[in-house]
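This briefing is for a reader new to the structure.

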Amino acid sequence: MQSGPRQQHGRDAWVRRADRFSDAFGLVLVLVLATYVVASIVSNRGWAAVLLTVVTSAAAIVALTSSEARPIVVRRALLVALLSTALAVVSAVSGGRPPLNVASFLVLGLLAVSMAALLQRVVTAEEVSVRTILGAISVYTSLGIFFTWAYGIIDRIEGGGFFGSAIEAKGSDFLFFSYTTLTTTGYGDLVPVGQVGRMVSGLEMMVGQVFLVTLVAGLVSLWRPGQGILRRRERRQGEGPAAPPAGAP
């Protein structure tokens, strides 16, 4: 006789877990940082490129899910992720660059769509909370991953190498260059030699600074960490047992 309420309680618990997962901007940030670590260790060719494609695609899919994107968008993103992984495998087996270039373009598209969905969720939030800040940081961090993939494509397509023929660039070099460009650190040890590379790196500088100065700084200035705790405390007090009427024994 107690199975009905127990089953309902179990369903409610799963719904609450799903709601928390759908808003898991912290998980998105963890996956983006995991992509950063993988890209720092492995190259952007061969089977290492397959691993990097899988990790980056997973981060993009979770970002779309956390942004409450429409189910059809998530399903199409999954198909694109599977296709890009398959092309990366073909490139690793055959050693050809065209399949990897197509896979890289597909991954760039996934990242662009996921960042746009996440950014829309951040800027349309009713209030600034920890989740909102994590979402903004996730988008900013993903920009470095996005341009890392772009630099890898330019290096494979553009003759002479991205940093010139004297430097045999690896995936970690593009990652390091991307984040030093995004943050306008500019150590100067790696410099693009082609016009396309310079144009794209200049775009990354502008996007990184505008995003950091306007959106992230604005959200942090509006963030009131204690408000959420106070509202939860007020709700718990309001849901407590009613006080007995005056004069009651």
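Thr56 is buried, with a relative accessible area of 2%, where buried means under 20% relative accessible area, exposed over 50% and partly exposed in between, for a 1.4 Å probe and protein chains only. Thr56 belongs to helix α3; helices are DSSP runs of H or I with at least four residues, numbered from the N terminus. The model is predicted, so local features need pLDDT of at least 70 and side-chain atom pairs count only at pLDDT 80 or more, while totals for chains, interfaces and linings use all residues. Residues are numbered from 1 along each chain as its sequence is written, and side-chain values use heavy atoms, with hydrogens and water left out.

- Beyond its neighbours within four places in sequence, Thr56 is in contact with Thr35, Val107, Leu111, Ile145 and Trp149, contact meaning heavy atoms within 4.5 Å.
- The side chains of Thr56 and Trp149 are joined by a polar contact of 3.4 Å.
- A polar contact is a pair of N or O atoms within 3.5 Å; within protein, one must be able to donate a hydrogen and the other to accept it, and residues adjacent in sequence count only if both atoms are side-chain atoms.
- Thr56 and Ala34 are 22 residues apart along the chain, and their C-alpha atoms are separated by 8.8 Å.
- Ser114, in helix α5, is also buried, at 3% relative accessibility.
- The side chain of Ser114 reaches the backbone oxygen of Leu111 at 2.9 Å.
- Leaving out residues up to four places away in sequence, Ser114 touches Ala60, Ala63 and Leu64.

**Cavities**

- On a 1 Å grid over the protein atoms alone, a cavity is a set of points where a 1.4 Å probe fits but cannot get out, and lining residues have an atom within 4 Å of a point.
- Grid points are joined across faces, edges and corners, and a volume is the space filled by probe spheres set on the points.
- The model has 2 cavities of 30 Å³ or more.
- The largest cavity has a volume of about 140 Å³.
- Of the 16 residues that line the largest cavity, Asn44, Leu52, Thr148, Trp149 and Gly152 are the closest to its centre.
- Two or more lining residues of the largest cavity come from each of α2 (25-41), α3 (46-66), α5, α6 and α7 (171-182), and α6 provides the largest share, 6 residues.
- The lining of the largest cavity has 9 nonpolar, 6 polar and 1 charged residues.
- Ala, Val, Leu, Ile, Met, Phe, Trp, Tyr, Cys and Pro count as nonpolar, Asp, Glu, Lys and Arg as charged, and the others, Gly among them, as polar.
- The second largest cavity holds about 60 Å³ of space.
- Residues lining the second largest cavity include Val28, Ala59, Leu111, Ser114 and Ser142.
- For the second largest cavity, α2, α3 and α5 give two or more lining residues, with the most, 4 residues, from α5.
- By class, the second largest cavity is lined by 8 nonpolar, 2 polar and no charged residues.

**Second largest pocket**

- A pocket is an open set of grid points with protein on both sides within 12 Å along at least five of seven lines.
- The second largest pocket contains about 200 Å³ of space.
- It is lined by 11 residues, of which Arg121, Ala125, Glu126, Glu127 and Thr132 are the closest to its centre.
- Helices α5 (97-123) and α6 (130-157) each supply at least two residues of the lining of this pocket.
- The lining of the second largest pocket divides into 3 nonpolar, 3 polar and 5 charged residues.

**Positive phi angles**

- Most residues other than glycine have a negative phi.
- Glu68, in the loop between α3 and α4, has a positive phi near 60° and is exposed at 51% relative accessibility.
- Thr184 has a positive phi of about 55°; Thr184 lies in the loop between α7 and α8 (195-222) and is partly exposed at 41% relative accessibility.

**Confidence**

- pLDDT is the predictor's confidence in each residue, from 0 to 100.
- The protein has a mean pLDDT of 81, with 77% of its residues at 70 or more.
- Confidence is lowest in helix α1 (residues 3-22), at a mean of 49, and highest in helix α4 (residues 71-94), at 94.
- Over residues 12-22 pLDDT stays under 50, and the model has 9 contacts beyond four places in sequence for them.
- Where pLDDT is low, the predicted coordinates should not be read in detail.
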